[in-house]
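User: I would like to learn how to read the strand pairing and helix packing of a model. Please take me through it step by step.

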Amino acid sequence: MKFKFTDYHVHTAKWSADIEDNGPNFEDYIKIAEKNEINVCFLEHYELYSIEKDKTNPFYNGNIDNYLEELDEIKETYDFIYCGLEVEYYKDREIELLEFMDDYEKELDFIGGTIHEWISGYPITSKKKLIKFLEKKRMKEIIDEYFETSEMMINSQIFKNICHIDTIFRYINENDIKPEEDCDISEERVLELGRLCIKNNLCIEYNLSGKRFPIGRPFPSKTIIYQLLKEGGKFFVGSDSHSLDYFESQITNVKEAYKYLNSI
Ligand SMILES: [Zn+2]
Ligand SMILES: [Zn+2]
């Protein structure tokens with residue numbers, strides 16, 4: 001790769017359904033990345049249930065081959081681009097996920113395992129959907145299920161890299177949707193997930209997207225990152241950009257994050 005540091009987590013409008021059609025695409029990010037001397041890994045959402053059911057999903061109907069082709073072409077011109085995917089884990093789809101990894105792991109530069117939802121249609125990373133989910137299920141249960149599902153994903157060893165390990169707190173935190181009294185929101189709990197990653201030899205994301213939300217901290221927090229580093233944790237850094245402005249504003253922070261990781 002051309003540059004020293006890599007932002008491993010960037011989404012485009014064409015390939016990630018949670019960005020407006022007029023949002024940024026490969027070339028837009030590439031221009032800024034080149035100017036600011038940082039490698040970029042495109043890490044688009046890849047969610048089995050949505051891909052199978054939703055014709056508007058960018059990866060519907062085997063479109064992954066077009067994604068790979070497009071990026072292959074771009075990589076012929078630019079030597080600071082990685083082709084990746086943020087693949088949603090579903091506990092009832094482990095066999096299909098393993099098959100997917102068999103077929104595509106070699107074609108991609110980087111794959112991150114991730115959890116946004118465990119009941120299709122109720123992602124905890126959308127505030128609107130989370131509020132709906134909270135009408136159906138108690139907050140304590142939602143948080144417990146998030147941690148249980150995360151444990152399953154990590155222990156499954158399907159993925160070598162794990163994205164934003166405590167993203168359940170994107171909206172459930174003191175600055176936003178306040179945690180109810182019986183909820184276990186302890187740092188210890190997140191640390192245990194991190195330790196499980198270390199035990200399974202998986203890389204953990206230092207995800208900078210928290211700056212966009214009232215929580216205002218990375219996922220996981222700096223204290224947890226520090227502790228996990230001390231215990232031998234390996235990290236990659238991602239801005240989780242869904243817009244050009246955010247991407248550009250985070251480049252210095254991505255570089256600083258790597259310097260911090262290397263200093264411990
Ligand atoms: Zn994500
Ligand atoms: Zn993402």
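User: Which residue of S6 does Ile 162 stand opposite?

Analyst: Two strands pair if DSSP finds at least two bridges between them. Helices (H or I, at least four residues) and strands (E, at least two) are DSSP runs numbered from the N terminus. Here Ile 162 stands opposite Ile 204 in S6, and S5 and S6 run parallel, joined by two bridges. The model is predicted: local features need pLDDT of at least 70, side-chain atom pairs count only at pLDDT 80 or more, and totals for chains, interfaces and linings use all residues. Residues are numbered from 1 along each chain as its sequence is written, while chains are lettered from A and ligands numbered from 1 in the order in which they are written.

User: How does the chain cross from S5 to S6?

Analyst: A crossover is right-handed if, with the strands pointing away from the viewer, the path from the first strand over the helix to the second runs clockwise. The β-α-β crossover from S5 to S6 passes through H7 and is right-handed. From S6 the chain reaches S7 through helix H8 (residues 222–230), again in a right-handed β-α-β crossover. S6 and S7 run parallel and are joined by five bridges; Asn 207 has Gly 238 of S7 as its bridge partner.

User: What does Gly 113 pair with in S5?

Analyst: Its bridge partner is Ile 162. Strand S4 (residues 110–114) and strand S5 (residues 161–162) run parallel, with two bridges between them.

User: What is the strand order of the open sheet?

Analyst: Seven strands form it, in the order S1-S2-S3-S4-S5-S6-S7, with parallel pairing.

User: Why is S6 described as largely enclosed by the rest of the structure?

Analyst: A residue is buried if 20 or more other C-beta atoms lie within 10 Å of its own, exposed if 12 or fewer, and partly exposed in between, with C-beta atoms placed from the backbone. Four of the five residues of S6 are buried, so S6 is largely enclosed.

User: At what angle do H6 and H7 pack?

Analyst: Two packed helices are described by the angle between their axes and the distance between the axes. Axes are lines fitted to C-alpha atoms, for helices over the stretch in contact, and angles run from 0 to 180 degrees between N-to-C directions. Helix H6 (residues 139–156) and helix H7 (residues 187–199) pack at about 10°, with axes 9 Å apart. They are therefore roughly parallel (angles under 35 degrees; over 145 is roughly antiparallel, 65 to 115 roughly perpendicular, the rest oblique).
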